[in-house]
Amino acid sequence: MNLKKEVIFLELTKKEVQWKNIKIPYIYIVIGIIAIVLSVLSREAVKYIVQQRSSISSAFDGLDPVPDESNLSMVGELGIQSMEQTQKEELLEYIAKQLGLKELGPVKKNERENITEYSLRKEGKNADTTVRLIGVAPTEVKGVPVENHYLHIELQLHNQIKDIEGYKKKIGEILKGIGTTNIESELFFKCRCNGKLTLKEKNHLTNQMISNLSGRVRFENRKEELYTVYAYSSALKEYISADNKKVNIQVAMNYDELHDETVVYVGYPILNGSY
């Protein structure tokens, strides 16, 4: 190699080394940025999935049939106190107003043994609502008659049934706002399948619904005539304990021979005999 060629070779080699010294850190920077972006996107995706699955109605995502009815029952304690009839009626009317109920009829009174119940009911095209104030075992404190009072609110939606979870939050806030404690709730969806499902079809549908909620089966009784499965999903906040295991999903099915259809119930946290 002559001197001129050697000088040219050395210059090219020098430039290549310089280029590499610049290029390698740049690639690392790009890779780092991509990794950060992917990490953020991954976290947001997981967050989105958890948010989506934190609703019991997600059990029906992508499935047929869809629920045609949703039901909510909430009960809590008002405690032992003395209340006049007018106070009880005003309390029920206040709750009804907070729920947006209008054109209500008179408060009804029902007495049986040691229980006195005052109730308001509103039936409509989209929903049926019942508000009850229940007084149990009247006694006397310093000569004043008192009862242990409970509030019970029931809501059944016929349209926009997935809104039931929004109502659950709203009713919970109303009950807490008037001093109600130890609030318990039962929420369930109901759908109907044409004909009598086989055991295989029931299992397939149940497994899909529990999977949609990222749940795991806890207890099961998968029989033709008495079909019920209990599961737990950490995506759902509320749960009960049974045999030291958390449970917050219940799927039950029965056959309605009169209408030739299989009725499917999905409860949160459990159904409490609603099927």
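Analyst: Let's start with a term: a disulfide is a pair of cysteine sulfur atoms within 2.5 Å. Keep in mind that this is a predicted model, where local features need pLDDT of at least 70, side-chain atom pairs count only at pLDDT 80 or more, and totals for chains, interfaces and linings use all residues. Residues are numbered from 1 along each chain as its sequence is written, and side-chain values use heavy atoms, leaving out hydrogens and water.

Now for the cysteines. The sulfur of Cys193 has its closest cysteine sulfur in Cys191, but at 5.1 Å that is too far for a bond. By the disulfide rule, the count for the structure is zero. Cys191 is buried at 1% relative accessibility, and Cys193 is buried too, at 7%. (Buried means under 20% relative accessible area, exposed means over 50%, and partly exposed is in between, using a 1.4 Å probe and protein chains only.)

Next, look at Ser185 in strand E6, which covers residues 181-194. (Helices, H or I with at least four residues, and strands, E with at least two, are DSSP runs numbered from the N terminus.) Ser185 has a relative accessible area of 14%, so it counts as buried. Skipping residues up to four places away in sequence, Ser185 touches Ser73, Met74, Lys168, Glu238, Tyr268 and Pro269, where contact means heavy atoms within 4.5 Å. With Glu238, the side chain of Ser185 also makes a polar contact of 3.3 Å. (That's a pair of N or O atoms within 3.5 Å; within protein, one must be able to donate a hydrogen and the other to accept it, and residues adjacent in sequence count only if both atoms are side-chain atoms.)

Glu238 has another partner: a salt bridge joins Glu238 to Lys168, with the closest N and O atoms 2.4 Å apart. Glu238 sits in the loop between strands E8 and E9 while Lys168 belongs to helix H3, so this pair ties together parts 70 residues apart in sequence. (A salt bridge needs a side-chain nitrogen of Lys or Arg within 4 Å of a carboxyl oxygen of Asp or Glu.) Lys168 is buried at 14%, whereas Glu238 is partly exposed at 29%.

Glu261 is buried, with a relative accessible area of 14%, and Arg192 is partly exposed at 30%.

Lys196 is in the loop between E6 and helix H4, and Glu225 is in the loop between strands E7 and E8, 29 residues apart. Here Lys196 is partly exposed at 46%, while Glu225 is exposed at 64%. Across the structure there are 15 salt bridges.

Finally, the nonpolar cores: sets of buried Ala, Val, Leu, Ile, Met, Phe, Trp, Tyr and Cys residues joined through side-chain atoms within 4.5 Å. The largest has 47 residues, and those with the most contacts inside it are Ile56, Leu92, Ile95, Leu99, Leu205 and Met209. Apart from it lies another core of five residues, including Phe188 and Val263.
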